[in-house]
Amino acid sequence: MDIRATDLPDVKVLTPRRFGDARGYFSETWNAARMAATGLSTEFVQDNESLSAKPGTLRGLHYQSPPFAQSKLVRVARGSVRDVAVDVRRGSPTYGRWVAEVLSAENAAQLLVPRGFLHGFVTLEPDTLVLYKVDNGYDAASDGSVFWNGAGLDIDWGVAAADVTLSDKDRAAPAFQDWVSPFEYVAA
Ligand SMILES: Cc1cn([C@H]2C[C@H](O)[C@@H](COP(=O)(O)OP(=O)(O)O[C@H]3O[C@@H](C)C(=O)[C@@H](O)[C@H]3O)O2)c(=O)[nH]c1=O
């Protein structure tokens, strides 16, 4: 597994090796024992999949409040996305900063989004299939969304606002500047 840091130290890009042959390839997309040896051990408990038909489908920016906060390991099995993580741990030296990575079926890159970060993505191709593991179960009452395009965030999504498709929940989400984060920064 190639592990690359991003501009936010706790957000990593993990790219597994692909063993190619005449049939195609084989790849370990997650190996708990090997990741524990790197200090990035996470006990995932749920696997998720979402299909987005149209390019410009934007899901985010999402979180679950503590004690149901989730770390996520996100990858793309078909198509591509621009995947975004925003540090919203109150007191963090990088509070409000974001990183964006293109994840595609082709590049095999996976984004490791820790607890205390908002997460969202916009699809770049039709019929994009996103797979992600989470380390805490779904809890509808703890589920939250922050508006994707808020002042104070200025995320470069790489798509025009007019071309974005949102869920009703995400369209009605509070603006970043009006939202109070439930996450606290704990220095390592
Ligand atoms: C996230 C989730 C949703 N659901 C249900 C609730 C709802 O009826 C339906 C669709 O949910 P949503 O509209 O929240 O789906 P979606 O907008 O795809 O939400 C996801 O977006 C990405 C960016 C994330 O980071 C995920 O954690 C998750 O928040 O699926 C579950 O049953 N389990 C789950 O874990």
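Strands are DSSP runs (E, at least two residues) numbered from the N terminus, and two of them pair if DSSP finds at least two bridges between them. Valine 84 has glycine 120 of strand 12 as its bridge partner.

Residues are numbered from 1 along each chain as its sequence is written. The model is predicted: local features need pLDDT of at least 70, side-chain atom pairs count only at pLDDT 80 or more, and totals for chains, interfaces and linings use all residues.

An unreviewed UniProt entry places the feature "active site" at His62 and Tyr132; such annotations may be inferred rather than shown by experiment. These positions are spread over 71 residues of sequence, yet cluster in space, the largest C-alpha distance being 13.6 Å.

Histidine 62 lies in strand 6 (residues 58-64). Leaving aside neighbours within four places in sequence, histidine 62 is in contact with Leu118, His119, Gly120 and Ser145, contact being defined by C-beta atoms, placed from the backbone, that lie within 7 Å. Tyrosine 132 belongs to strand 13 (residues 128-134). With the same exclusion of neighbours within four places in sequence, tyrosine 132 is in contact with Asn48, Lys72, Leu73, Val74 and Arg75.

Note on methods: Helices (H or I, at least four residues) and strands (E, at least two) are DSSP runs, numbered from the N terminus. Two residues are in contact if their C-beta atoms, placed from the backbone, lie within 7 Å.
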